[in-house]
Protein chains: 2
Amino acid sequence: MHQHTRTDPYADRYAARAAGMVPSEIRALFAVANRPEVVSLAGGMPYVAALPLDIVGEMLGELTQRRGAQALQYASAQGDPELRARICEVMALEGVHGSPEDVIVTVGSQQALDLLTRIFVDPGDVVLAEAPSYVGALGTFAMYQADVVHVAMDDEGLIPQALRETLDRLGREGRRVKFLYTIPTFQNPGGVTLPASRRAEILEICASYGVLVIEDNPYGLLGFDGEPMRALRADDPDHVIYLGSFSKTFAPGFRVGWALAPHAVRAKLVLAAESAILSHSSFSQFAVREYLTTQPWKQQIKSFREMYRERRDAMLESLEALMPEGTTWTRPAGGFFVWVTLPEGLNAKAMAPRAIAERVAYVPGTGFYADGQGRRNMRLSFCFPEPDRIREGIRRLAAVVEREIDLRDTFGTAHAPERTGMDTPGPDTA
Amino acid sequence: MHQHTRTDPYADRYAARAAGMVPSEIRALFAVANRPEVVSLAGGMPYVAALPLDIVGEMLGELTQRRGAQALQYASAQGDPELRARICEVMALEGVHGSPEDVIVTVGSQQALDLLTRIFVDPGDVVLAEAPSYVGALGTFAMYQADVVHVAMDDEGLIPQALRETLDRLGREGRRVKFLYTIPTFQNPGGVTLPASRRAEILEICASYGVLVIEDNPYGLLGFDGEPMRALRADDPDHVIYLGSFSKTFAPGFRVGWALAPHAVRAKLVLAAESAILSHSSFSQFAVREYLTTQPWKQQIKSFREMYRERRDAMLESLEALMPEGTTWTRPAGGFFVWVTLPEGLNAKAMAPRAIAERVAYVPGTGFYADGQGRRNMRLSFCFPEPDRIREGIRRLAAVVEREIDLRDTFGTAHAPERTGMDTPGPDTA
């Protein structure tokens with residue numbers, strides 16, 4: 001930790017936007033969570049070991065041998081045209097009919113978020129996000145000095161009436177709303193899904209207030225019951241920018257995501273991408289394209305879904321069986337996450353070091369809000385550990401919560417010291 | 001081209017920084033340059049077909065089969081520790097002794113430029129760059145609304161006295177200089193190299209004026225004579241941030257570059273990278289690390305050097321034999337580029353469509369300046385076409401220049417209409 005206490009000799013040279021960029025102390029804690037004796041329910045890493053690695057390896061070797069001169073070369077900033085065509089086929093599963101011309105391939109959907117914020121957001125502009133929302137998006141919005149205003153969710157996702165009221169209030173205050181950022185399906189971290197009726201209403205509200213929607217949909221094909229939901233973008237191509245990713249349906253190691261945007265926006269995204277990275281990896285793009293062309297990828301997604309459903313069931317059953325009264329949680333129908341609310345007076349951030357001491361890790365809820373909410377919340381991931389590990393993790397966690405309740409009852413409400421910086425593990429945390 | 005004439009329905013929503021982001025008309029021209037009948041001396045694509053693709057393919061296949069669970073997973077935002085250790089070994093060839101702790105792996109060195117500008121530059125801050133300078137860097141500086149001030153070069157690179165005078169003038173004007181961006185070795189586009197004596201002087205000037213140096217060094221190991229130059233960073237670890245890349249020494253298709261920066265700066269770069277892309281591709285990083293660990297990479301660089309030297313020779317000999325009097329050019333001792341100055345009264349940008357009609361392409365000089373200089377200049381690349389194609393390209397180009405001279409002598413100086421937007425091909429242009 002000595003770099004945090006050393007004086008930074010470059011401190012007076014940074015841009016204004018860099019002032020708040022300080023590593024969070026909680027990261028050190030999460031480094032500990034990577035130890036094998038800790039059951040980590042913290043990270044959002046997909047279980048890629050379930051892929052047929054022998055077959056994928058053979059595919060990549062052949063790809064290099066047959067088309068290495070292209071696959072090892074620079075690519076265009078917009079991305080490989082054939083991959084963009086395959087991406088349109090993937091989106092069609094959710095009712096989205098877009099043209100490959102309007103797709104840009106990005107370094108995960110994270111880069112799409114960065115580029116969109118770059119082209120749309122001036123410092124002080126308002127960005128709307130669910131309460132809670134994806135920590136990586138909040139970090140990007142903060143980087144561009146956006147003012148994030150949260151809109152309340154319930155077990156059915158974003159509440160239309162809350163959105164309307166927020167927009168009215170901001171309108172009265174004369175504030176400029178650049179877009180609504182939403183993860184409508186199997187939300188991160190909430191685990192909740194917006195039903196069809198609300199989708200129509202949200203689209204109607206945004207259209208009538210002239211607010212663009214960024215629909216982030218990394219988990220859409222990972223539902224545990226029935227057919228994929230119809231994406232927001234399917235019903236409003238002019239106001240919705242759709243973000244997708246192969247990180248959860250294939251593998252995050254290639255960092256291939258995308259944005260589907262109206263033509264003029266897509267053109268700006270390409271110029272912004274070229275300035276940011278010149279071009280995405282050809283090899284990564286060829287790898288994903290080859291996978292989608294030659295491998296039974298829908299079958300693989302089906303097998304991922306079954307695996308994650310089993311893990312979700314293990315988590316929900318253990319929570320049900322073991323969590324002390326007063327604790328509540330969401331019941332995700334897909335995706336990776338359960339969102340837990342601890343009993344009144346408990347503080348998930350203050351509890352985190354004690355949980356890790358008991359060999360279980362989670363992400364405290366405060367990281368998923370830009371405004372200090374979420375102290376009683378934690379995000380639990382069921383994507384990476386196998387079912388027995390999940391059960392063991394929840395057992396340990398329930399014991400920690402029990403003790404916190406005892407402490408609260410004995411000594412009153414705990415007040416954790418407040419910390420600055422990002423309250424989340426990096427993406428490297430299992 | 002119809003997207004350029006259509007009204008952009010999102011025009012009133014963009015951030016201020018996006019206002020200037022319009023695709024250049026000249027890009028359409030460069031799309032034509034990709035036709036096989038055109039000899040393209042425009043792009044800076046390395047000749048990756050010279051790699052042993054069978055062996056690389058085998059290596060990647062095995063890597064996936066043996067360590068796919070890691071190589072297909074998320075990485076840390078700073079980058080793979082073992083790759084960072086290998087990177088330090090590569091830099092040691094140029095006298096740089098850095099710690100893997102101070103290295104961040106980036107999506108090409110382009111991303112390092114983006115992240116550095118992000119953390120250092122507020123709108124209106126001055127960035128110094130050689131005249132001319134790398135177009136991708138100028139694009140990034142423009143994206144962050146920096147004010148680029150060019151410093152004159154001659155055949156030995158940046159002129160120390162010009163740097164001193166520029167810093168004095170800016171000082172008198174009370175303007176804040178954030179850093180000097182320089183490519184000291186085999187410069188892009190100039191093809192010139194800063195000798196050792198000037199290196200010491202430039203470092204001394206920057207230290208005394210308190211100006212950071214960003215040393216961009218993608219071509220340093222691609223010298224045609226003798227040992228690699230000693231990098232600027234080797235002699236001033238506190239004021240120099242070093243950028244490197246495997247795009248030219250291995251393959252650009254993995255998009256693996258890096259920055260070596262003082263500890264506090266590196267820490268901010270990692271946070272900025274996480275916000276921008278979450279993490280770089282694990283697979284790309286494992287691929288480069290495996291290549292450096294198991295393959296004879298120094299031998300491969302030697303063979304690249306010999307190949308590029310032969311192409312440089314073909315270009316210089318043809319220029320010497322064929323170019324009309326009054327045309328001058330640089331004589332690069334390494335790297336990819338020759339910088340040509342046309343006779344007085346000629347305009348390289350106006351000439352470009354006529355050159356393409358004669359089946360030869362280059363990049364007009366204006367793209368390499370932020371201030372409208374470079375009309376008489378063109379950048380010629382000798383990296384991608386084989387020697388005979390280079391000779392044929394120069395033959396065609398010399399004929400085009402002859403005709404321009406005739407036109408000038410008959411009708412007087414040509415005035416090309418000025419265009420907005422970036423004057424360069426994308427990275428996809430051969």
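Chain B and chain A bury about 7600 Å² between them, and carbon and sulfur atoms give 60% of that area; buried area here is the accessible area (1.4 Å probe) that two parts lose on being put together, summed over both. The model is predicted, with local features needing pLDDT of at least 70 and side-chain atom pairs counting only at pLDDT 80 or more, while totals for chains, interfaces and linings use all residues. Residues are numbered from 1 along each chain as its sequence is written, chains are lettered from A in the order in which they are written, and side-chain values use heavy atoms, with hydrogens and water left out.

**Between chain B and chain A**

- In this interface, 90 residues of chain B are in contact with 90 residues of chain A, where contact means heavy atoms within 4.5 Å.
- Arg13(B), Leu72(B) and Tyr74(B) supply 10% of the area that chain B buries against chain A, which is more than any other three residues.
- The rule finds 2 salt bridges across this interface, a salt bridge being a side-chain nitrogen of Lys or Arg within 4 Å of a carboxyl oxygen of Asp or Glu.
- Arg118(A) forms a salt bridge with Asp114(B), and their closest N and O atoms are 3.0 Å apart.
- There are also 44 residue pairs in polar contact between chain B and chain A, both residues being at pLDDT 80 or more; such a contact is a pair of N or O atoms within 3.5 Å, where within protein one must be able to donate a hydrogen and the other to accept it, and residues adjacent in sequence count only if both atoms are side-chain atoms.

**Between the two domains of chain A**

- The domain assignment, which is automatic or from a database, divides chain A into domain 1 (16-45 + 300-410) and domain 2 (53-294).
- Taken over C-alpha atoms, the centres of domain 1 and domain 2 of chain A are separated by 25 Å.
- Where these domains of chain A touch, 28 residues of domain 1 are in contact with 27 residues of domain 2, and the area buried is about 2400 Å², of which carbon and sulfur atoms give 66%.
- On the domain 1 side, Arg305(A), Phe337(A) and Phe368(A) lose the most area to domain 2 of chain A, together accounting for 21% of what that side buries.
- Between domain 1 and domain 2 of chain A the rule finds 0 salt bridges, whereas 8 residue pairs are in polar contact, both residues being at pLDDT 80 or more.
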